[in-house]
Amino acid sequence: MLPRKSIIPDEFSVPALASRMPRKPVFRDRVNKARFIAKSGACNLAHKNIREQGRFLQDVFTTLVDLKWRFTLVIFTMTFLCSWLLFAMGWWLLAFGHGDLDLNRKDGIQQCVINVNSFTSAFLFSIEVQVTIGFGGRMITEQCPTAIAFLILQNIIGLIINAVMLGCIFMKTAQSHRRAETLIFSRQAVIAVRNNHLCFMIRVGDLRKSMIINAVVRLQVVRKTTTPEGEVIPIHQIDVQTESAGNSIFLLAPLNICHVIDKDSPLYDLSAMELQCSDLEVIVILEGVVETTGITTQARTSYVAEEIQWGHRFVPIVTEEDGVYSVDYSKFGNTVKVATPRCSARELDEKPSILIQTLQKSELSHQNSLRKRNSMRRNNSMRKSNSMRRNNSALSVPKVQFLTPEGGQNLIVT
């Protein structure tokens, strides 16, 4: 038995209509992901299971500079103490071999080192030789050529130790990241319309008057991606172009670094809702040469999805006062809400009318807010005028009427 044909055509059936209806995108809850770069610029990366530890000893100077201060100071102190003790042992052996420690030696024999009669005196003489103090109580004589060669050896080794350790201390105090402490970034990044394009913007500034020469700002997007072959890349770094790409910036005053979200941008397909659910991280790297020291410095920070404000713009903080430009750093990270489409940059390129409609709605809302403000001002002015009239009428002297007995006249007193 054949099935009975429906009266409603197939193209108007419920399954067909449901298949043609546009589906809203389903957004998954964002999983909290560890930051690759902290807000302070520190790298959130742990090195484990390094088998070739000897490679660090091949570059001893860099290893000493990278150590923490407490370990560096311990190594600094122990190096000098060990060298003094080692050479003190040598001087004591020279004195012992020459017979200077013998209490029954003959009076006519001169000592190799005068007044070195014990290990303590040999240790003090070792410190005097290496540090070049020269108190004058102990001195070397011409009786022992071996002692003269040993003196030359200690001076050379002492100079090498001084050069290495003092150079290490100097490099630790003049490290480039110390200068980066005065290079600041805005706590939030913003996305707004600039020149009819969606733009990702951050703000950078320098708190010192000494400038950063040849300053360059680079942006990178770090995210977890999967290739068509199924390879999972946990930290995929994608370079992001800025308006000043390839050119150095003049960081005299705080600047807004702008990235135009175009078809080559990794943010091109992200809308406002999709951005909040994404796990991307935008890394900002500022590099330059310190004007006073000539050392290259680097400052870093990053922005995750929660720290990117869609539809905001940084407030201006540079003003001209009495012929001098003034920077108000209290408003460095302040933003103001502006009209911005919530769609992605791809949709905005495909449908430019979305931007026009958004701007028109913003203009209408701005006009309505101005009208409300004007009406509120008028009402307030009318209320003030009415209250002033009432007060003036209350201040005027009232007329008092006294009633006289019957048949008399009424008296009116003002």
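Contact here means heavy atoms within 4.5 Å. The model is predicted, so local features need pLDDT of at least 70 and side-chain atom pairs count only at pLDDT 80 or more, while totals for chains, interfaces and linings use all residues. Residues are numbered from 1 along each chain as its sequence is written, and side-chain values use heavy atoms, with hydrogens and water left out.

The protein chain holds 10 helices and 17 strands; helices (H or I, at least four residues) and strands (E, at least two) are DSSP runs, numbered from the N terminus. Of its 414 residues, 30% count as buried. That word means under 20% relative accessible area, with exposed meaning over 50% and partly exposed in between (1.4 Å probe, protein chains only). The protein chain exposes about 28600 Å², and carbon and sulfur atoms supply 58% of that area. Accessible areas come from the Shrake-Rupley method with a 1.4 Å probe, and for residues only the protein chains shown count as cover.

The buried residues of H5 are Ser-121, Ala-122, Phe-125, Ser-126, Ile-127, Glu-128, Val-129 and Gln-130. Their cover includes helix H4 (69-98), strand E1 (113-114), strand E2 (139-140) and helix H6 (145-173). Gln-130, for one, sits in helix H5 and is buried, with a relative accessible area of 7%. Leaving aside neighbours within four places in sequence, Gln-130 is in contact with Phe-80, Ser-83, Trp-84, Phe-87, Gln-154, Gly-158 and Ile-161. Just after H5, Thr-132 takes a positive phi of about 55 degrees.

Next come the cysteines. A disulfide is a covalent bond between the sulfur atoms of two cysteines, and the cut-off used is a pair of cysteine sulfur atoms within 2.5 Å. A search of the whole structure turns up 1 disulfide. The bond joins Cys-112 to Cys-144, with an S to S distance of 1.4 Å. Cys-112 lies in the loop between H4 and E1, and Cys-144 in the loop between E2 and H6, so the pair ties together parts that are 32 residues apart in sequence. Cys-112 is buried at a relative accessible area of 2%, and Cys-144 counts as buried at 10%. As for other cysteines, Cys-82 is partly exposed at 43% relative accessibility, whereas Cys-343 is buried at 9%.

Val-164 belongs to helix H6 and is partly exposed, with a relative accessible area of 36%.

Then there are the charged pairs. Side chains of opposite charge can pair when their charged atoms come close. A salt bridge is counted when a side-chain nitrogen of Lys or Arg is within 4 Å of a carboxyl oxygen of Asp or Glu, and a search of the whole structure finds 6 of them. In one, Arg-179 pairs with Asp-206, the closest N and O atoms being 2.9 Å apart. Arg-179 lies in helix H7 (residues 176-179) and Asp-206 in strand E5 (residues 197-206), so this pair ties together parts that are 27 residues apart in sequence. Both Arg-179 and Asp-206 are buried.

Arg-218 forms a salt bridge with Glu-287, with the closest N and O atoms 3.6 Å apart. This pair links distant parts of the chain, Arg-218 being in strand E6 (residues 212-226) and Glu-287 in strand E9 (residues 281-290), 69 residues apart. Arg-218 is partly exposed at 33% relative accessible area, and Glu-287 is partly exposed at 28%.
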